[in-house]
Amino acid sequence: MKRIAKRPSTRSVLVMLLLALTVVLTSGCAVIGGKIASTSDPAGDQARLIWDLFITPVWWLVIVVFVLVTGWILINIVRFRRQPGDTRIPPQVHGNQRLEIAWTLIPAIILALIAVPSTRLIFELNRDPGPGSNALRAQVIGHQWWWEFRYPEYGIVTAGDLHLVVGRPVVLTITSHDVIHSFWPPRLAGKVDAVPGRAHTMVFTPEETGVFYGQCAELCGAQHAHMQFRVVVQTQEEFDAWVAKLRRPIPEPPAGSLAATGQQLYAGKAGCAGCHQVSPTYDPVTPINKTLAVGPNLAYIGERHVLAAFTDNTPEELHRWIASTCDVKPYSIMCEKWWRIRAEQNTLLTTEEVDAIVAYMLSLQ
Ligand code: CUA
């Protein structure tokens, strides 16, 4: 007869420690760049409705189930623990019809209770308020690995930073130009898949001004983790000023300046203009499935919060991105089709040339 082990094995202790460590390590995941990006701190109506649904009824149901189940297990562990000198094996039972029916029925009832409010909320969310509303309308297009934002109402296009108005509903039409992505601004709204050939709708109202973190939430290739964006929620006046700025012709850098040298390199030797436009306006009748350019539009990149769809937009990071693209974001088009080819042909930019292009980029604000 098999003896019951007295102590937990070293292996099970290790597994428990590993689990505890995982909990500790992953609990920091909601903080990005010192900012909370947690769904538990909603700043938009959709995120708030989803969070409220989670707290009541789901959270309290979970607590009750947890206390009952673990309580019952603990009571039995203590009550039926092996006594010293007791070598008997308890009666071996297999199957109990009543118990099995009970523990199939109870979870089914709990799931049904959760399903009713969840389903109701799913139908409430992302409903287009119709043409009569004052909703802002924008298009979100996923690319491997960056986000493009178009405002057909104003004929302007940008990338990385999505500008919205506090208290004003936004209707986003979401699609992709390559593989399936998922648009997710955790503090503002849930996730909506960006699927090539389809247009999905996301509707929410931002409730706070500020800069909010967003992330692609569908595994879409090597740089999926680096497919982020920021949502800049502004007052109507600030937003109007931003739109007006983008609709004006972009200012030329002063003649003879480092930025002017950068502009020449941009359009000439460096070959940036082949993929990146610096004009923020476009023909607003362009269908959402038609590509405007290979890479992100760089108009007013100097004032954006996010660079290369993941890192903070600082002069140092901009320099590093142009000078060592494949270290910063391997497999990106910019690495594979620009940096690597230049490296092979020995035509990489000198530090001074990178400085000039950075100066030009920073002048775009
Ligand atoms: Cu796009 Cu993950």
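Helix 8 (333–344) makes the greatest contribution to the lining of the largest pocket, at four residues. Helices here are DSSP runs of H or I with at least four residues, strands are runs of E with at least two, and both are numbered from the N terminus. The model is predicted: local features need pLDDT of at least 70 and side-chain atom pairs pLDDT 80 or more, while totals for chains, interfaces and linings use all residues. Residues are numbered from 1 along each chain as its sequence is written, and side-chain values use heavy atoms, without hydrogens and water.

The largest pocket has a volume of about 620 Å³, the volume being the space filled by probe spheres set on grid points joined across faces, edges and corners. A pocket is an open set of points on a 1 Å grid over the protein atoms alone, where a 1.4 Å probe fits, with protein on both sides within 12 Å along at least five of seven lines; lining residues have an atom within 4 Å of a point. Among the 32 lining residues, H276, P296, L298, W321 and M334 are closest to the pocket centre.

R198 lies in the loop between strand 9 (192–194) and strand 10 (200–204). Beyond its neighbours within four places in sequence, R198 contacts I174 and T175.

Technical notes:
Contact means heavy atoms within 4.5 Å.
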